[in-house]
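Trainee: I am new to this structure. Can you walk me through it?

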Amino acid sequence: MVEDFILETKGLTKEFAGFTAVRDVDLRVRRGSIHALIGPNGAGKTTCFNLLTKFLPPTRGAIAYNGRDITSMAPADVARLGLIRSFQISAVFPHLTGMENVRVALQRHRGDNFDFWRSKKVLDDLNGRAMALLEDVGLTEFADVTAVEMPYGRKRALEIATTLALDPEMMLLDEPMAGMGHEDIEKVVELIRRVSANRTVLMVEHNLNVVANLSDTITVLTRGQILAEGDYATVSANPEVQQAYLGASHG
Amino acid sequence: MTTTPIKPVSPAAPERSETPIIMGMIAVLAVLPLLGVYPYFVMQALCFALFACAFNLLIGYVGLLSFGHAMFLGTAGYASAHAAKVWGLAPELSILFGTLASGALGVLVGLIAIRRQGIYFSMTTLALAQMIYFFYLQAKFTHGEDGIQGVPRGLFLGVLDISKPLVLFYVVLAIFVAGFLLIYRTINSPFGEILKAIRENEPRAISLGYRTARYKLAAFALSAALAGLAGATKVIVSQNASLTDVRWEMSGEVVLMTLVGGLGTIFGPVVGAFIIIAMQQYLAEFGQWVLVIQGVIFVACVLAFRRGIVGEAAKVLRRNL
Ligand SMILES: Nc1ncnc2c1ncn2[C@@H]1O[C@H](COP(=O)(O)OP(=O)(O)OP(=O)(O)O)[C@@H](O)[C@H]1O
Ligand SMILES: [Mg+2]
């Protein structure tokens, strides 16, 4: 069987002033899968995301997306290829409303937005779609609320709606459920499952129930290196993984 | 998601339009000289108001603090004064030339400064503005400390005799209104929405695929050109271009005006400019004390009035101003 990987890294390494945060990572994400990246605090998960989306330049190694080398591409251009990330610390536009947040993403489909002489009323066409996206994440009542006024869990939901607005081929979610209550977590799990139908999801998540429940493949990272990889049963049975998790944190 | 029906949306709290306030502002400005306010003072204030609005476009809507905006005010001033006096261009063409000169300088400075973040951006603009200042200090055509004096006014658009104070006044008002409306439209355009997103969270805007450097550069050049429009008009009003307009103190003054009026507000820079220019006019007898008073106002704004006058009013009225 020929395996189809949408994202592939070779020897990906990031050093910060002599400290190696990510070491020789060969990560392969299968197209259409939900892939979880887990590991104790400080394992290098967020750094990996920053490398994959080119927010940080790798010290060594190569990244290929859809068979194309993106190692020296600019972050906005990586996003334009359909690889959209979220951030660990919620990334919304604080003083824009829920609707405006999502609309900023929808504006991308207009191509360049340098038309400073045109009224923003031309964007009203996007409102219906923006509302539908907000509804999808349970934010209907928050359409006119500025993001800064939303509870933390809602901000995370808004961030997912904004990411989905670009209809990305692949989404990188950095702890999308952190800080959410039990009910919201279930909603977001459902949402991720639903939207992953025609796209690839790579997510960092500490909640192992969620990981077990959602992911097709799990990669365990410790001290910047891949420790184990496989489905939940395989990975959780690995004694080294159990050791790493018990040794580093209780979560 | 594909099954979700698309519903028409009516915002819960309809955005209140600023149009009536803009109309009111223009009406008040238009009658000021008829009420006995010295037209020359209003024209000066209008030029500074446009300058402050151009500066505010960057700090208020993109989050870029330029510490060197005087270079655009002054460059356009020298360019239009030279064009009018040496080349004998008509006033509207001299103003256009000055505006374009500052816009072009804005592209160059922007290309260098935009790559730096935060305070490094501000320091870069300051350093470049100082270089421009020394260039004008040395260059022959600026006549150093003397400046370019006796800039002719002539006929605006071939028909309006702007040597008459009231005609000049309404021409200057028209230029101010055109610049103000262009800025107002810019911040309420699709482009403006992206600028606000960059101001709010640049990494997020990048992650959504926006090449933010290009947007920042475009905004910077636009702001520089509009600051140039203000500087060129100012020269036609005062009939002289001098080093005062390129000094770093001028860059500081526009920060002060914007801060006093309300950063990131539509009307704040106008209010701030009028207050500061009025203070300089009416407190002139106190000599050096004007600087001290300005300093105190600056500190008061930073400590107590963070939003500036218009910003505080907007908060009380719960609307955009
Ligand atoms: N810009 C940086 N400069 C220096 N060190 C960094 C930088 N970014 C991350 N690190 C270090 O790299 C290591 C990995 O950090 P990273 O944020 O990738 O971990 P993580 O797996 O995402 O952890 P968490 O679960 O807490 O989010 C940490 O030791 C961190 O201190
Ligand atoms: Mg992290």
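This is a predicted model: local features need pLDDT of at least 70, side-chain atom pairs count only at pLDDT 80 or more; totals for chains, interfaces and linings use all residues.

Trainee: How many residues of chain A are in contact with chain B?
Mentor: Contact here takes heavy atoms within 4.5 Å. Chain B brings 35 residues to the interface.

Trainee: How much area do chain B and chain A bury between them?
Mentor: The size of an interface is often given as the accessible area lost when the parts come together. Carbon and sulfur atoms carry 61% of the buried area here. The total for chain B and chain A is about 3600 Å².

Trainee: Which element gives the largest share of the side of chain B that touches chain A?
Mentor: Polar contacts across this interface come to 15 residue pairs. On the chain B side, α6, α7, α8 and α9 each give two or more residues. The largest share is seven residues, and the element is α7(B).

Trainee: How many residues on that side of chain B are nonpolar?
Mentor: Sort the residues that touch chain A by class. Seven are polar and nine are charged. The nonpolar count is 19.

Trainee: Now the ligand. How far is an oxygen atom of ligand 1 from a side-chain N or O atom of Lys45(A)?
Mentor: Ligand 1 has 13 residues around it, and Lys45(A) is among those that come nearest. A polar backbone atom of Gly42(A) is 2.9 Å from a ligand oxygen. For the side chain of Lys45(A), the distance is 2.8 Å.

Trainee: What percentage of the area of ligand 1 does the protein bury?
Mentor: Start with ligand 1 taken alone. It exposes 630 Å². The protein buries 62%.

Trainee: Which element supplies the largest share of the shell around ligand 1?
Mentor: β2 and α1 of chain A each supply at least two residues. By class, the shell has four nonpolar, seven polar and two charged residues. The largest share is three residues, from α1(A).

Trainee: Which strand of chain A holds Glu8(A), the salt-bridge partner of Arg28(A)?
Mentor: The structure holds 21 salt bridges over all chains. In this one, the N to O distance is 3.9 Å. The pair links distant parts of the chain, 20 residues apart. Arg28(A) lies in β3, and Glu8(A) lies in β1.

Definitions and conventions. Residues are numbered from 1 along each chain as its sequence is written. Chains are lettered from A and ligands numbered from 1 in the order in which they are written. Side-chain values use heavy atoms; hydrogens and water are left out. Buried area is the accessible area (1.4 Å probe) that two parts lose on being put together, summed over both. A polar contact is a pair of N or O atoms within 3.5 Å; within protein, one must be able to donate a hydrogen and the other to accept it, and residues adjacent in sequence count only if both atoms are side-chain atoms. Helices (H or I, at least four residues) and strands (E, at least two) are DSSP runs, numbered from the N terminus. Ala, Val, Leu, Ile, Met, Phe, Trp, Tyr, Cys and Pro count as nonpolar, Asp, Glu, Lys and Arg as charged, and the others, Gly among them, as polar. A residue is near a molecule or strand if one of its heavy atoms lies within 4 Å of it. Accessible areas come from the Shrake-Rupley method with a 1.4 Å probe; for residues, only the protein chains shown count as cover. A salt bridge is a side-chain nitrogen of Lys or Arg within 4 Å of a carboxyl oxygen of Asp or Glu.
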